[in-house]
Amino acid sequence: MRSKICVLAVSLVVSAGLATACSPTTGGVASPAPSTSASTGASPVDPEVPKVTQPPLDAGKYASDPCGLVPKDLLASLRYTDPGKYTPQGDTPTTAAGPSCLWKISGEGLGLSAALGTGNREQGVGGLAAAYAAYRSGKITKFLERAPDVEGYPAIYVDVQDERALGSCGLDVGIADDLAFNVYAQGYQGQDDSCAVANQVASSIIKTLKGA
């Protein structure tokens with residue numbers, strides 16, 4: 001089965017000018033981010049980029065621990081019992097967007113990832129504006145669609161191609177005008193199943209950040 005969990009690196013990084021493609025067999029996630037506090041930042045240039053109207057959330061506590069963003073009880077309910085694989089922010093195309101965590105269910109082709117776009121923010125292309133810029137460029141990100149808000153925060157479905165019907169769903173959620181996080185669920189049964197998991201995990205991340 002083709003692994004595309006690294007797509008979140010694309011959705012979060014490409015807009016920063018880092019053009020890269022995911023390997024068909026790579027199971028990694030994006031990573032960046034010394035900058036740790038959330039701020040509202042400048043207004044997006046693209047008028048279609050939804051603004052964050054809720055209080056911006058501070059993800060600083062989790063910049064070095066993105067695996068802690070998703071509660072263990074939720075992971076267990078989704079059958080992810082193995083520890084998540086942490087990828088710190090780096091200076092490569094697939095590690096420049098923000099720190100990330102990857103979970104897998106061995107032998108079933110199921111995968112889940114979460115990443116913070118703090119690296120994009122450092123480069124001045126943070127928030128949902130990063131995904132919109134990547135989509136506008138059309139180089140790698142070729143699918144973007146407004147999603148229902150998550151706990152009151154704006155969200156978009158985004159991917160290299162729209163593969164929700166195939167069981168893969170990428171979701172970016174803006175928690176400040178210059179900061180977003182990505183959740184990617186892969187290997188599920190169609191759009192409803194994969195996006196339900198992505199939305200459930202995204203909701204839990206918002207609640208985690210509110211309690212930080």
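These exercises work through a predicted model of one protein chain.

**Exercise 1. Confidence**

Find what the mean pLDDT of the chain is, and which stretches have a pLDDT below or under 50.

Solution. 
Step 1: The chain has a mean pLDDT of 81, and 78% of its residues reach 70 or more.
Step 2: Residues 1–11 have a pLDDT below 50, and this stretch has 51 contacts in the model beyond near neighbours in sequence.
Step 3: Over residues 13–44 the pLDDT also stays under 50, and here the model has 118 contacts beyond four places in sequence.
Step 4: Where pLDDT is low, the predicted coordinates should not be read in detail.

**Exercise 2. A hairpin**

Describe how strands β4 and β5 pair, and state which residue in their hairpin takes a positive phi.

Solution. 
Step 1: Locate the strands: β4 covers residues 143–150 and β5 covers residues 153–159.
Step 2: The two pair in the antiparallel sense, over six bridges.
Step 3: For one of the partners, take A147, whose bridge partner in β5 is A155.
Step 4: Two residues lie between the strands of this hairpin, and E151 takes a positive phi near 55 degrees.

**Exercise 3. Disulfides**

State how many disulfides there are, and for the link of C67 and C101 work out which parts of the chain the pair ties together.

Solution. 
Step 1: A disulfide is a covalent bond between the sulfur atoms of two cysteines.
Step 2: With a cut-off of 2.5 Å between sulfur atoms, the count comes to two disulfides.
Step 3: One of them joins C67 to C101, with an S to S distance of 2.0 Å.
Step 4: C67 is in the loop between α1 and α2, while C101 is in strand β2, so the pair ties together parts that are 34 residues apart in sequence.
Step 5: The angle about the S-S bond is 95 degrees, and the link of C67 and C101 is right-handed. Both C67 and C101 are buried.

Solution. 
Step 1: C169 belongs to strand β6 and C195 to helix α5, distant parts of the chain that lie 26 residues apart.
Step 2: The torsion about the S-S bond is about 100 degrees, so this disulfide is right-handed.
Step 3: C169 and C195 are buried.

**Exercise 4. Salt bridges**

Solution. 
Step 1: Side chains of opposite charge can pair when their charged atoms come close.
Step 2: R136 lies in helix α4 and E48 in the loop between α1 and α2, so the pair ties together parts that are 88 residues apart in sequence. R136 is partly exposed at 42% relative accessibility, and E48 is exposed at 54%.
Step 3: D177 sits in the loop between β6 and β7 and K51 in the loop between α1 and α2, 126 residues apart. D177, at 11% relative accessibility, is buried, whereas K51, at 41%, is partly exposed.
Step 4: E145 lies in strand β4 and R164 in the loop between β5 and β6, so the pair ties together parts that are 19 residues apart in sequence. Salt bridges that share partners join E145, D162 and R164 into one network.

Conventions. Residues numbered from 1 in each chain as written. Predicted model: local features only at pLDDT ≥ 70, side-chain atom pairs only at ≥ 80, totals over all residues. Heavy atoms only, no water. Pairing = 2+ DSSP bridges. Helix = DSSP H or I, 4+ residues; strand = E, 2+ residues; numbered from the N terminus. Buried < 20%, exposed > 50% of the residue type's maximum accessible area, 1.4 Å probe, protein only. pLDDT = per-residue confidence, 0-100. Contact = heavy atoms within 4.5 Å. Salt bridge = Lys/Arg side-chain N within 4 Å of Asp/Glu carboxyl O.
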